[in-house]
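Please examine the sequence and the three-dimensional model shown here before reading on. The paragraphs after it are meant to be read alongside both.

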Amino acid sequence: MFIYKRFNKKVILTVHGDSLENQFRNSNRLVKKFLKMGLNKIDKIICVNPKTINYLRSKGIKYEKLECIPAYINPVECEQEYKLIPTYVYEFINKSKFLISANGAIRFNKNQDLYGLDMLINLIIRLKKDNKNICLLFCVLSVEKQNNREREYYLNIKRKIIRYNLQENVL
């Protein structure tokens with residue numbers, strides 16, 4: 001990061017989660033001192049959580065360098081986009097007494113479903129066994145970019161939905 005300062009470039013750090021706090025907590029005094037010096041040389045530190053800003057201020061990071069920009073941004077509502085949603089989706093939403101809504105691509109990280117569609121399906125199976133009327137609306141993203149393994153996994157998820165008779169509970 002300090003190399004960029006030599007070339008007159010601005011350095012901006014974005015902090016998601018608690019990684020920076022953990023570095024402070026898990027470091028000895030000397031490392032904390034260098035961490036603080038390095039962070040104070042950065043032009044701007046953007047945090048997604050005001051709690052992180054307060055923590056960094058308590059560690060001596062200059063206030064004017066810190067900015068909070070929440071990770072969640074309210075969607076822009078557009079009437080035309082509502083019209084593009086098929087009627088059966090609205091019907092599914094309206095008939096659901098309790099609805100879980102999620103989205104993600106079929107992707108793997110360390111051989112695990114990255115977006116947890118498998119865990120959501122297992123949750124619906126378990127809740128249905130307990131006679132809970134719960135529904136899952138899952139928007140699968142990037143279907144056209146799925147590789148063979150991802151496509152096969154997605155088909156297995158669909159088969160599991162049929163095998164456990166979840167067609168009325170999962171869309």
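The following paragraphs treat the sheets, the cores and several individual residues in turn.

The model is predicted: local features require a pLDDT of at least 70 and side-chain atom pairs count only at pLDDT 80 or more, whereas totals for chains, interfaces and linings use all residues. Residues are numbered from 1 along each chain as its sequence is written, and side-chain values use heavy atoms, with hydrogens and water left out.

Helices (H or I, at least four residues) and strands (E, at least two) are DSSP runs, numbered from the N terminus. Two strands are said to pair if DSSP finds at least two bridges between them. Strands of a sheet pair through backbone hydrogen bonds, either parallel or antiparallel. An open sheet of three strands has the order β1-β2-β3, with parallel pairing. Because β1 (12-15) and β3 (66-68) stand at the edges with a single partner strand each, one side of each is left without a neighbour in the sheet. On average, neighbouring strands of this sheet are turned by 25 degrees against each other, direction ignored; axes here are lines fitted to C-alpha atoms, for helices over the stretch in contact, and angles run from 0 to 180 degrees between N-to-C directions. Four bridges link β1 in the parallel sense to strand β2 (residues 44-47), and V15 stands opposite C47 in β2. Helix α4 (residues 50-58) lies across β1, β2 and β3, running at about 165 degrees to β3, where contact means heavy atoms within 4.5 Å.

Another parallel pair consists of strand β4 (residues 99-105) and β7, joined by seven bridges. Within this pair, A105 has L141 of β7 as its bridge partner. Five of the seven residues of β7 are buried, that is, under 20% relative accessible area, with exposed meaning over 50% and partly exposed in between (1.4 Å probe, protein chains only).

Which residues touch the most other members of the largest nonpolar core? In this core of 18 residues, they are L117, I121, I124, L136, L166 and V170. A nonpolar core is a set of buried Ala, Val, Leu, Ile, Met, Phe, Trp, Tyr and Cys residues joined through side-chain atoms within 4.5 Å. Leaving aside residues up to four places away in sequence, L117 touches I106, L136, F138 and I157. A second, separate core of 14 residues includes V11, C47, Y55 and L56.

K160 belongs to helix α8 (residues 148-163). K160 is buried yet has no salt bridge, and the nearest side chain of opposite charge, D118, is 7.3 Å away. For this assignment, Lys and Arg count as positive and Asp and Glu as negative, while His and the chain ends are not counted; a salt bridge is a side-chain nitrogen of Lys or Arg within 4 Å of a carboxyl oxygen of Asp or Glu. Beyond residues up to four places away in sequence, K160 touches I121, N122 and I125.

Most residues other than glycine have a negative phi. K110, in the loop between β5 (108-109) and β6 (112-113), has a positive phi near 55 degrees and counts as exposed at 76% relative accessibility. S142, in the loop between β7 and α8, also has a positive phi near 55 degrees, but S142 is partly exposed, with a relative accessible area of 27%.
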